[in-house]
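Dear colleague,

Please find below the structure I said I would pass on. My notes on its salt bridges follow.

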Amino acid sequence: MTNPPPTPGIHHVTCIAGDPQRNLDFWVETLGLRLVKRSINQDDPGTYHFFFADAEGTPGTSMTFFPWENLSQGKVGSGQVSRTAFRVPAGSLDYWEARFDEYGVDYDDRVDRFGETVLPFRDPDGLPVELVAVEIPDDDPTVPWTEFVPGDAAIRGFHSVTLWLADPEPTMELLRTMGLAEVGTEQSPGDTPGDERTRFAASGPVGRYVDVLPTIESGRQGHGTVHHVAFQTPTDEDQDAMRTAVRAQGLTPTQQIDRHWFRSVYVREHGGVLFELATSDPGYTSDEPLDDLGGRLVLPGSFEQRRDEIESQLPEITIPQPEMTDADD
């Protein structure tokens, strides 16, 4: 079997939140990401699905949430994405610590990891998140959203995800099959002390890294945990080749599912983490102009015919807006 085209990296990460308004306020206002899509969970249409990304919803930048208010608090453990890390421009961590102090964000001391400085913090649901200070190249594909955070500090897409696994070897072999290369190991500050972290790198500029850590610590899905991580398979042909390669690893991927803004294949990898393979097309501007992304509730496909019913089940929310200044008058 020929190897599939390598994944460029992470496409999106989807997490579980509690209160939808609190989730919106934190990820838009505090962290400064753009709400690029306001929709529903297509498998549970009585629940919102929020997509937060850079200014244009570039692949590799979107953190998405299902705010399931009735779920209990989750706990990160083996078989989960334990950390999601974002890139921020080098020199911006002082800004972020001051901002976290201003907004009452729970954060930890900086740590050094693979020669980079990492600022760990948690969102209001306890989700473990990190900012990693990196040099952003001039030709970087991401576009900073600057409504709440200045461009020289704005989040610029994913840096990495960390997987906690009881037996990392089968997952590491899967990552190699997906085109990620092992680039190093080191002891792991700020995560599971004393354990060795193995880093894999994808071929693209954004969301390149997947870190693997061995742990038998038990976890449970709920508020403050990751539901799944999606990897870029830009075209249908790329995705089909990757699906075939994943099957050859003894796993059972789904058929392709149309998610309206991308087409997806899902597979539960060896260690229990839910992986998604997602195409680049048609993208978040396929049903809204770029300037209006996130401005309305988008109901894909046949869900539009049920708009009144669906809207009646969803709680009212307010999208954070920057305060008007004299210069705006």
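D125 forms a salt bridge with R22, with 2.7 Å between the closest N and O atoms; the term stands for a side-chain nitrogen of Lys or Arg within 4 Å of a carboxyl oxygen of Asp or Glu. The two residues are 103 apart in the chain: D125 sits in the loop between β8 (116–122) and β9 (128–134), and R22 in helix α1 (residues 20–30). Helices (H or I, at least four residues) and strands (E, at least two) are DSSP runs, numbered from the N terminus. D125 is buried at 4% relative accessible area, while R22 is partly exposed at 37%. Buried means under 20% relative accessible area, exposed over 50%, and partly exposed in between (1.4 Å probe, protein chains only).

This is a predicted model, so local features need pLDDT of at least 70 and side-chain atom pairs count only at pLDDT 80 or more, whereas totals for chains, interfaces and linings use all residues. Residues are numbered from 1 along each chain as its sequence is written, and side-chain values use heavy atoms, with hydrogens and water left out.

A second pair is E130 and R113, bridged at 3.0 Å from N to O. E130 lies in strand β9 and R113 in strand β7, 17 residues apart. Both are buried: E130 has a relative accessible area of 1%, and R113 one of 2%.

D94 and R110 also form a salt bridge, at 2.5 Å from N to O. D94 is exposed at 55%, and R110 is partly exposed at 33%.

Salt bridges also link E116, R197, R199 and D211 in a network. The total count is 21 salt bridges.

Regards
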